[in-house]
Amino acid sequence: MQLYQEQTLKITNSLTGKKEIFKPINEGHVGMYVCGPTVYSNVHLGNCRTFMSFDMIFRYLRHLGYKVRYVRNITDAGHLEDDADTGEDKIAKKARLEKIEPMEVVQRYTVDFHYILDQFNFLPPSIEPTATGHIIEQLAIIKDILEKGYAYEVNGSVYFDVKKFNEQYEYGKLSGRKLEDMIANTRELAAQSEKKNPQDFALWKKAEPQHIMRWPSPWGDGFPGWHLECTAMSTKYLGETFDIHGGGMDLKFPHHECEIAQAEASNGHSPVNYWMHANMLTMNGKKMAKSTGNNILPGEMFSGENDILSKPFTPPVVRFFMMQAHYTSILDLSNDALLASEKGYHRLMDAFDNLKDLEPGETSDFDIREWRQKCYDAMNDDFNTPILIAHLFEAVKHINLIKEGKEKISAPDKALLLKTMTDFICDVLGLEHKSESNHDTNKLQGVVELLIQLRNEARSNKDFATSDKIRDQLAAMGIQLKDGKEGTTFSVS
Ligand code: AMP
Ligand code: ZN
């Protein structure tokens, strides 16, 4: 018996706007596709939030016993600066400015992406395909859509005919837009545009002579449109219809709307049963974004090197901060909010540590089974991590009371509590607990600073025997004190 057979998971489906009971296409198996990063710059914390929401979702599905095939792509071609099929390719532009190969740009930022996600303790996806590795599949879909009459070729480019598609299908159903309104709200098509309608989008773009990233096609040298890669890679690895498609809220339109149109035009049916959208991380109330400069890099969080931060924050603390908000809610980043999360994180982890050493009694004053189901109920309710965390703090309260001798816990209940805490804290929330080294570092720093203070007091009292003893014994442990104009600092060898 798997956990998913006992628990009823509900997911907010962006397509219907409703919370629906999750039923995968093949019992026991889940296919999930998440749009990955465009690797032309370092990921900022906003990008990390979306990927972390889906890492948590992947973790909970696995925890329930599903065999999950999780596909998260790397966009390494075709993403133009402007969503309306104009402007330079983001990667090619970076390559041109830095006078390096586009694939050097791709390599550099893919490595950075993996490095950052690893620090946040992400699980790797099952498949991480790239757009450039799937040009053949993309060409096949374009040919298919052309044959079915939902696309047209102009001067070496191929565009999706949204108006034609909308006669048979419904363009705009994911984002709740109506094509007629979109047409009414757009200005006349620019005279130089090749598109029949401004809503049409590129499946294939002709490469101008200066365009470096180019591939041969039946319509001449060019490159694929951005939306197409996700249709090609998701259906290749998960099938024509799969269970979950995710991404940030900002991808709903036009990206995901166009993915639906492409798949329906090509296969005749809907590609995805549950669309999931993660909400934005904001800073100063505004969306964190690369383009506006309103962003913070994960490395700046970990080093504290950013004006909005009073100190560094470790990756698990930042992860905990993110998990304290529901994935569909906006989350605003601030130093105060991070400080509060840090306190909460340590309170949770200290209790989790203390739990192992609790002396069991004959009976329990706290119903572990009922509490455990409350944790599952929270996660079953559209992955409600803030409610889950509130329940974990309920357990913290009891652990502290048991430690103080004011409550009891039986040995089997203690084992179940430990297992449940480990399942949710480590496996589901992904808060790494193996000797949380940064937490230890903070503690060490506090202790040495206290000893420095005691040594200073001894010196001002001319008690040199004590001050020397502190210095020498710390040195024997590999901690060197250094007296300077700014006071005493220390280093650990
Ligand atoms: P990109 O590399 O621009 O394609 O973005 C990668 C992912 O990050 C997408 O799923 C975006 O929706 C998501 N994203 C971008 N900005 C934010 C933000 N401020 N908060 C949360 N997710 C974001
Ligand atoms: Zn995508």
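Domain bounds here come from an automatic or database domain assignment. This is a predicted model: local features need pLDDT of at least 70, side-chain atom pairs count only at pLDDT 80 or more, and totals for chains, interfaces and linings use all residues. Residues are numbered from 1 along each chain as its sequence is written, with chains lettered from A and ligands numbered from 1 in the order in which they are written.

Q: How far apart do the C-alpha centres of domain 1 and domain 2 lie?
A: The protein is divided into domain 1 (3-278), domain 2 (282-428) and domain 3 (436-492). Between the C-alpha centres of domain 1 and domain 2 the distance is 33 Å.

Q: Which element gives the largest share of the side of domain 1 that touches domain 2?
A: Contact means C-beta atoms, placed from the backbone, within 7 Å. Domain 1 brings 26 residues to it and domain 2 brings 26. On the domain 1 side, β1 (10-13), α2 and α4 (102-119) each supply at least two residues; helices (H or I, at least four residues) and strands (E, at least two) are DSSP runs, numbered from the N terminus. The largest share, 11 residues, comes from α2.

Q: Where does ligand 1 lie?
A: The shell around ligand 1 has 16 residues, the closest being Gly-46, Asn-47, Thr-50, Gly-248 and Met-288; a residue counts if its C-beta atom, placed from the backbone, lies within 6 Å. Both domain 1 (3-278) and domain 2 (282-428) give residues to this shell, so ligand 1 lies between them.

Q: Which element gives the most to the shell around ligand 1?
A: Two elements, α2 (45-63) and β9 (242-248), each supply at least two residues. With 4 residues, the most comes from α2.

How values were computed:
Two residues are in contact if their C-beta atoms, placed from the backbone, lie within 7 Å.
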